[in-house]
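Student: I have a two-part file open and some questions about it. Can we go through it?

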Amino acid sequence: MITGTPKPIEEILQMLEPYDTIILAGCYGCVTVCRVGGEKEVEILASTIRLAREASGKKITIKEVCLERQCDPEYIETMRPYVEDYQAVLSIACGAGIQFLAEKYMLTPLLPGINTGFLGVTERQGEWAERCQGCGDCVLHLTGGICPVTRCAKSLFHGPCGGSSKGICEVGKDVPCGWQLIVDRLKSLNQMDNYTKLKPYKGWNTSRDGGPRRIFREDMI
Amino acid sequence: MLKAFENGADGVMVMGCLEGNCHFVNGNFRARARVARVSRILETIGIGAERIRMFNLSAGEGARFAAFVSEFTDEIRNLGPSPINVARQEPAKIPTGEINV
(Lines give C-alpha, C1' and ligand atoms only; values in the text may rest on other atoms or scores of the structure.)
Protein backbone atom coordinates (compact mmCIF):
# COMPACT_ATOMS: atom_id res chain seq x y z
CA MET A 1 0.00 0.00 0.00
CA ILE A 2 0.94 3.67 -0.22
CA THR A 3 1.66 4.92 3.29
CA GLY A 4 1.68 8.37 4.80
CA THR A 5 1.84 10.40 7.98
CA PRO A 6 -0.41 13.25 9.11
CA LYS A 7 0.85 16.76 8.61
CA PRO A 8 1.28 18.72 11.85
CA ILE A 9 -2.02 20.38 12.76
CA GLU A 10 -0.28 23.77 12.97
CA GLU A 11 0.73 23.42 9.31
CA ILE A 12 -2.79 22.42 8.29
CA LEU A 13 -4.34 25.34 10.21
CA GLN A 14 -1.91 27.72 8.52
CA MET A 15 -2.91 26.37 5.09
CA LEU A 16 -6.59 26.81 5.97
CA GLU A 17 -6.18 30.36 7.26
CA PRO A 18 -7.70 32.05 4.16
CA TYR A 19 -10.73 29.74 4.01
CA ASP A 20 -14.04 29.59 5.89
CA THR A 21 -15.74 26.71 4.04
CA ILE A 22 -13.87 23.61 2.96
CA ILE A 23 -14.32 20.00 1.95
CA LEU A 24 -12.22 17.51 3.91
CA ALA A 25 -11.80 14.53 1.62
CA GLY A 26 -10.55 11.14 2.75
CA CYS A 27 -9.98 7.99 0.71
CA TYR A 28 -11.07 4.41 1.39
CA GLY A 29 -7.93 3.05 -0.31
CA CYS A 30 -4.41 2.69 1.02
CA VAL A 31 -4.58 5.61 3.44
CA THR A 32 -7.52 4.02 5.23
CA VAL A 33 -5.47 0.87 5.79
CA CYS A 34 -2.48 2.79 7.12
CA ARG A 35 -4.81 4.83 9.34
CA VAL A 36 -3.96 8.26 8.02
CA GLY A 37 -6.66 9.23 5.56
CA GLY A 38 -9.80 7.13 5.94
CA GLU A 39 -13.28 7.96 7.21
CA LYS A 40 -12.29 7.91 10.87
CA GLU A 41 -9.31 10.20 10.26
CA VAL A 42 -11.60 12.58 8.37
CA GLU A 43 -13.83 12.81 11.45
CA ILE A 44 -10.89 13.31 13.84
CA LEU A 45 -9.22 15.96 11.69
CA ALA A 46 -12.50 17.78 11.01
CA SER A 47 -13.26 17.97 14.73
CA THR A 48 -9.72 19.14 15.45
CA ILE A 49 -9.89 21.90 12.84
CA ARG A 50 -13.35 23.05 13.96
CA LEU A 51 -12.27 23.18 17.60
CA ALA A 52 -9.05 25.05 16.81
CA ARG A 53 -10.80 27.56 14.58
CA GLU A 54 -13.66 28.14 16.98
CA ALA A 55 -11.26 28.64 19.89
CA SER A 56 -9.44 31.25 17.83
CA GLY A 57 -12.69 33.03 17.05
CA LYS A 58 -12.79 32.18 13.34
CA LYS A 59 -15.30 29.41 12.72
CA ILE A 60 -15.02 27.14 9.71
CA THR A 61 -17.59 24.99 7.90
CA ILE A 62 -16.32 21.56 6.88
CA LYS A 63 -18.04 19.06 4.61
CA GLU A 64 -16.68 15.64 5.49
CA VAL A 65 -16.45 13.11 2.66
CA CYS A 66 -14.55 9.92 1.99
CA LEU A 67 -14.17 8.79 -1.62
CA GLU A 68 -13.83 5.15 -2.62
CA ARG A 69 -10.49 6.07 -4.22
CA GLN A 70 -9.08 9.48 -5.09
CA CYS A 71 -6.88 7.93 -7.79
CA ASP A 72 -9.79 6.90 -10.04
CA PRO A 73 -11.81 9.43 -12.04
CA GLU A 74 -15.24 7.90 -11.50
CA TYR A 75 -15.02 8.38 -7.73
CA ILE A 76 -13.63 11.89 -8.02
CA GLU A 77 -16.65 12.82 -10.13
CA THR A 78 -18.93 12.22 -7.15
CA MET A 79 -17.69 15.52 -5.69
CA ARG A 80 -18.54 17.58 -8.74
CA PRO A 81 -22.12 18.55 -7.73
CA TYR A 82 -20.94 20.42 -4.64
CA VAL A 83 -17.19 21.07 -4.97
CA GLU A 84 -17.59 24.67 -6.12
CA ASP A 85 -19.80 25.46 -3.12
CA TYR A 86 -16.65 25.39 -1.01
CA GLN A 87 -13.54 27.56 -1.06
CA ALA A 88 -10.96 24.75 -0.93
CA VAL A 89 -10.50 20.99 -0.58
CA LEU A 90 -8.24 19.55 2.09
CA SER A 91 -7.39 16.01 1.00
CA ILE A 92 -5.89 13.36 3.22
CA ALA A 93 -5.36 10.89 0.39
CA CYS A 94 -1.89 10.13 -0.96
CA GLY A 95 -0.08 12.60 -3.20
CA ALA A 96 -1.43 10.84 -6.28
CA GLY A 97 -5.03 11.25 -5.15
CA ILE A 98 -4.57 14.88 -4.19
CA GLN A 99 -3.03 15.71 -7.57
CA PHE A 100 -5.78 13.88 -9.41
CA LEU A 101 -8.41 15.89 -7.54
CA ALA A 102 -6.54 19.08 -8.42
CA GLU A 103 -6.47 18.12 -12.11
CA LYS A 104 -10.20 17.48 -12.17
CA TYR A 105 -11.28 20.59 -10.24
CA MET A 106 -9.21 23.36 -11.74
CA LEU A 107 -11.08 26.19 -9.99
CA THR A 108 -10.76 24.85 -6.44
CA PRO A 109 -7.51 25.06 -4.42
CA LEU A 110 -6.33 21.63 -3.22
CA LEU A 111 -4.46 21.34 0.07
CA PRO A 112 -2.53 18.27 1.32
CA GLY A 113 -3.39 17.06 4.81
CA ILE A 114 -0.83 14.27 4.92
CA ASN A 115 2.76 13.67 3.90
CA THR A 116 2.81 10.71 1.54
CA GLY A 117 5.39 8.11 2.46
CA PHE A 118 6.36 4.89 0.72
CA LEU A 119 5.13 1.60 -0.75
CA GLY A 120 5.07 -0.62 2.26
CA VAL A 121 3.54 -3.28 4.46
CA THR A 122 1.88 -3.42 7.87
CA GLU A 123 4.46 -5.12 10.09
CA ARG A 124 2.12 -4.87 13.07
CA GLN A 125 -0.75 -2.67 14.21
CA GLY A 126 0.62 0.87 14.02
CA GLU A 127 3.92 0.04 12.31
CA TRP A 128 4.56 0.14 8.57
CA ALA A 129 7.76 -0.51 6.67
CA GLU A 130 8.99 0.13 3.14
CA ARG A 131 9.27 -2.81 0.77
CA CYS A 132 9.24 -1.46 -2.82
CA GLN A 133 10.58 1.59 -4.62
CA GLY A 134 8.83 0.86 -7.91
CA CYS A 135 12.06 0.64 -9.92
CA GLY A 136 10.21 -1.00 -12.80
CA ASP A 137 12.53 -4.01 -13.21
CA CYS A 138 11.83 -6.56 -10.48
CA VAL A 139 14.54 -9.06 -9.50
CA LEU A 140 12.84 -10.62 -6.48
CA HIS A 141 13.00 -14.07 -8.11
CA LEU A 142 16.78 -13.89 -7.86
CA THR A 143 17.06 -12.39 -4.40
CA GLY A 144 14.92 -14.68 -2.30
CA GLY A 145 11.95 -12.33 -2.44
CA ILE A 146 13.87 -9.53 -0.70
CA CYS A 147 14.41 -6.32 -2.65
CA PRO A 148 17.98 -5.06 -2.83
CA VAL A 149 16.81 -1.69 -4.16
CA THR A 150 14.65 -1.06 -1.10
CA ARG A 151 16.17 -3.09 1.70
CA CYS A 152 19.80 -2.10 1.01
CA ALA A 153 20.31 1.53 1.99
CA LYS A 154 22.62 1.98 -1.02
CA SER A 155 20.46 -0.12 -3.38
CA LEU A 156 23.50 -2.27 -4.12
CA PHE A 157 23.20 -5.22 -6.46
CA HIS A 158 26.28 -7.29 -5.68
CA GLY A 159 26.23 -8.11 -2.00
CA PRO A 160 26.77 -6.13 1.17
CA CYS A 161 29.06 -3.15 1.52
CA GLY A 162 31.60 -2.58 4.28
CA GLY A 163 28.93 -0.95 6.41
CA SER A 164 27.27 -4.29 7.16
CA SER A 165 28.15 -5.58 10.62
CA LYS A 166 26.60 -8.60 12.33
CA GLY A 167 23.60 -8.36 10.03
CA ILE A 168 22.96 -4.68 10.76
CA CYS A 169 23.28 -1.77 8.32
CA GLU A 170 25.46 1.16 9.27
CA VAL A 171 22.61 3.64 8.71
CA GLY A 172 20.85 2.56 11.91
CA LYS A 173 20.99 -0.05 14.65
CA ASP A 174 17.40 -1.09 13.88
CA VAL A 175 18.02 -1.47 10.14
CA PRO A 176 18.87 -5.00 9.01
CA CYS A 177 21.43 -5.27 6.22
CA GLY A 178 19.36 -6.00 3.12
CA TRP A 179 22.06 -8.17 1.65
CA GLN A 180 22.43 -10.18 4.84
CA LEU A 181 18.67 -10.84 4.62
CA ILE A 182 19.01 -11.85 0.95
CA VAL A 183 21.95 -14.20 1.52
CA ASP A 184 20.31 -15.81 4.57
CA ARG A 185 17.12 -16.38 2.57
CA LEU A 186 18.94 -17.74 -0.49
CA LYS A 187 20.84 -20.17 1.75
CA SER A 188 17.64 -21.38 3.38
CA LEU A 189 16.10 -21.86 -0.08
CA ASN A 190 19.29 -23.58 -1.32
CA GLN A 191 19.38 -20.98 -4.11
CA MET A 192 22.78 -19.40 -3.57
CA ASP A 193 23.49 -19.91 -7.27
CA ASN A 194 21.03 -17.05 -7.89
CA TYR A 195 23.64 -14.79 -6.37
CA THR A 196 25.72 -15.16 -9.55
CA LYS A 197 22.76 -14.60 -11.90
CA LEU A 198 22.24 -10.98 -10.99
CA LYS A 199 22.80 -8.52 -13.78
CA PRO A 200 26.24 -6.94 -14.08
CA TYR A 201 24.62 -3.58 -13.40
CA LYS A 202 21.18 -2.24 -12.57
CA GLY A 203 19.50 -0.35 -15.38
CA TRP A 204 17.56 2.56 -13.96
CA ASN A 205 15.86 3.49 -17.23
CA THR A 206 12.64 1.87 -15.97
CA SER A 207 12.80 3.87 -12.76
CA ARG A 208 12.34 7.63 -12.20
CA ASP A 209 15.23 8.67 -14.41
CA GLY A 210 13.01 9.31 -17.42
CA GLY A 211 10.57 11.56 -15.54
CA PRO A 212 6.97 10.67 -14.67
CA ARG A 213 6.16 7.15 -15.85
CA ARG A 214 3.08 5.95 -17.68
CA ILE A 215 1.66 2.50 -18.33
CA PHE A 216 -0.34 1.67 -21.46
CA ARG A 217 -2.40 -1.51 -21.66
CA GLU A 218 -3.67 -1.73 -25.22
CA ASP A 219 -5.99 -4.60 -24.32
CA MET A 220 -7.78 -2.35 -21.84
CA ILE A 221 -7.98 0.97 -23.65
CA MET B 1 -13.85 12.14 22.18
CA LEU B 2 -13.30 15.32 20.18
CA LYS B 3 -17.01 15.46 19.39
CA ALA B 4 -17.70 15.76 23.13
CA PHE B 5 -15.64 18.96 23.18
CA GLU B 6 -17.43 20.20 20.08
CA ASN B 7 -20.70 19.52 21.88
CA GLY B 8 -19.67 21.72 24.76
CA ALA B 9 -17.83 19.50 27.25
CA ASP B 10 -15.20 21.26 29.37
CA GLY B 11 -13.59 17.94 30.27
CA VAL B 12 -13.93 14.32 29.19
CA MET B 13 -13.37 11.20 31.29
CA VAL B 14 -12.79 7.91 29.49
CA MET B 15 -13.49 4.89 31.68
CA GLY B 16 -11.92 1.53 30.93
CA CYS B 17 -11.68 -1.84 32.64
CA LEU B 18 -8.75 -2.55 34.88
CA GLU B 19 -5.59 -3.12 32.90
CA GLY B 20 -5.25 -6.81 32.13
CA ASN B 21 -8.99 -7.41 32.62
CA CYS B 22 -10.33 -6.14 29.29
CA HIS B 23 -12.88 -8.40 27.60
CA PHE B 24 -11.18 -7.42 24.33
CA VAL B 25 -7.72 -8.37 25.72
CA ASN B 26 -5.83 -5.17 24.92
CA GLY B 27 -8.77 -2.89 24.11
CA ASN B 28 -8.23 -0.68 27.14
CA PHE B 29 -4.52 -0.29 26.34
CA ARG B 30 -5.45 0.84 22.85
CA ALA B 31 -8.05 3.17 24.32
CA ARG B 32 -5.36 4.66 26.56
CA ALA B 33 -3.17 5.29 23.50
CA ARG B 34 -6.14 6.92 21.71
CA VAL B 35 -6.83 9.13 24.71
CA ALA B 36 -3.16 10.15 24.73
CA ARG B 37 -3.47 11.11 21.07
CA VAL B 38 -6.55 13.24 21.70
CA SER B 39 -4.80 14.80 24.68
CA ARG B 40 -1.90 15.83 22.42
CA ILE B 41 -4.35 17.25 19.86
CA LEU B 42 -6.11 19.30 22.56
CA GLU B 43 -2.78 20.64 23.77
CA THR B 44 -1.71 21.54 20.23
CA ILE B 45 -4.88 23.50 19.48
CA GLY B 46 -4.82 25.37 22.78
CA ILE B 47 -7.68 23.64 24.59
CA GLY B 48 -5.44 21.87 27.08
CA ALA B 49 -4.14 18.30 27.38
CA GLU B 50 -5.47 17.99 30.95
CA ARG B 51 -9.11 18.26 29.84
CA ILE B 52 -9.22 14.58 28.90
CA ARG B 53 -8.07 11.65 30.98
CA MET B 54 -8.48 7.89 31.10
CA PHE B 55 -9.46 6.06 34.27
CA ASN B 56 -9.38 2.31 34.89
CA LEU B 57 -11.71 0.56 37.29
CA SER B 58 -13.96 -2.48 37.49
CA ALA B 59 -17.75 -2.49 37.20
CA GLY B 60 -18.03 -3.31 40.90
CA GLU B 61 -16.15 -0.26 42.14
CA GLY B 62 -18.96 2.23 42.54
CA ALA B 63 -17.28 4.19 45.30
CA ARG B 64 -14.07 4.46 43.30
CA PHE B 65 -16.05 5.62 40.27
CA ALA B 66 -17.64 8.36 42.35
CA ALA B 67 -14.24 9.38 43.70
CA PHE B 68 -12.76 9.58 40.18
CA VAL B 69 -15.69 11.68 38.97
CA SER B 70 -15.42 14.05 41.94
CA GLU B 71 -11.66 14.39 41.51
CA PHE B 72 -11.84 15.08 37.78
CA THR B 73 -14.79 17.44 38.11
CA ASP B 74 -12.88 19.46 40.72
CA GLU B 75 -9.86 19.63 38.40
CA ILE B 76 -11.93 20.82 35.47
CA ARG B 77 -13.78 23.32 37.66
CA ASN B 78 -10.41 24.75 38.64
CA LEU B 79 -9.46 25.01 34.97
CA GLY B 80 -12.73 26.75 34.14
CA PRO B 81 -14.69 26.55 30.88
CA SER B 82 -12.86 25.31 27.79
CA PRO B 83 -11.67 27.93 25.30
CA ILE B 84 -14.45 26.71 22.98
CA ASN B 85 -17.14 27.56 25.50
CA VAL B 86 -15.41 30.84 26.29
CA ALA B 87 -15.45 31.70 22.58
CA ARG B 88 -19.12 30.73 22.28
CA GLN B 89 -20.29 32.99 25.08
CA GLU B 90 -19.35 36.36 26.37
CA PRO B 91 -17.08 35.70 29.40
CA ALA B 92 -19.42 37.65 31.65
CA LYS B 93 -22.32 35.36 30.78
CA ILE B 94 -20.61 32.16 31.94
CA PRO B 95 -21.88 31.34 35.43
CA THR B 96 -18.95 31.10 37.81
CA GLY B 97 -17.93 27.54 38.65
CA GLU B 98 -20.34 25.92 36.19
CA ILE B 99 -18.70 23.34 33.93
CA ASN B 100 -19.70 20.45 31.65
CA VAL B 101 -18.00 17.08 32.17
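Student: What kind of model is it, and how are things numbered?
Tutor: This is a predicted model, where local features need pLDDT of at least 70 and side-chain atom pairs count only at pLDDT 80 or more, while totals for chains, interfaces and linings use all residues. Residues are numbered from 1 along each chain as its sequence is written, and chains are lettered from A and ligands numbered from 1 in the order in which they are written.

Student: How many helices and strands does chain B have?
Tutor: Chain B has four helices and two strands, taken as DSSP runs numbered from the N terminus (helices H or I, at least four residues; strands E, at least two). Their order from the N terminus is α-β-α-β-α-α.

Student: What does the C-alpha trace of chain B span?
Tutor: About 45 × 30 × 20 Å along its principal axes. Of its 101 residues, 21% count as buried, meaning 20 or more other C-beta atoms, placed from the backbone, lie within 10 Å of a residue's own.

Student: Where does chain B touch chain A?
Tutor: On the chain B side, helices H1 (2–6), H2 (27–44) and H4 (83–88) each supply at least two residues. H1(B) gives the largest share, four residues. In total, 12 residues of chain B are in contact with 11 residues of chain A; contact is C-beta atoms, placed from the backbone, within 7 Å.

Student: Which classes are those chain B residues?
Tutor: Eight are nonpolar, two polar and two charged. Here Ala, Val, Leu, Ile, Met, Phe, Trp, Tyr, Cys and Pro count as nonpolar, Asp, Glu, Lys and Arg as charged, and the others, Gly among them, as polar.

Student: Switching to chain A. How do H1(A) and H3(A) cross?
Tutor: The axes of H1(A) (residues 9–16) and H3(A) (residues 39–55) come within 11 Å and cross at roughly 65°. They are therefore roughly perpendicular, a label for angles of 65 to 115 degrees.

Student: Which residues meet there?
Tutor: Ile9(A), Ile12(A), Leu13(A) and Leu16(A) from H1(A) meet Thr48(A), Ile49(A) and Ala52(A) from H3(A). That contact has six nonpolar residues, one polar and no charged.

Student: Which residues touch the most other members of the largest nonpolar core?
Tutor: Ile22(A), Ile23(A), Leu24(A), Val31(A) and Val89(A), in a core of 48 residues. Such a core is a set of buried Ala, Val, Leu, Ile, Met, Phe, Trp, Tyr and Cys residues joined through C-beta atoms within 7 Å. H3(A) supplies its largest share, six residues.

Methods:
A residue is buried if 20 or more other C-beta atoms lie within 10 Å of its own, exposed if 12 or fewer, and partly exposed in between; C-beta atoms are placed from the backbone. Axes are lines fitted to C-alpha atoms, for helices over the stretch in contact, and angles run from 0 to 180 degrees between N-to-C directions. Angles under 35 degrees count as roughly parallel, over 145 as roughly antiparallel, 65 to 115 as roughly perpendicular and the rest as oblique. Two residues are in contact if their C-beta atoms, placed from the backbone, lie within 7 Å.
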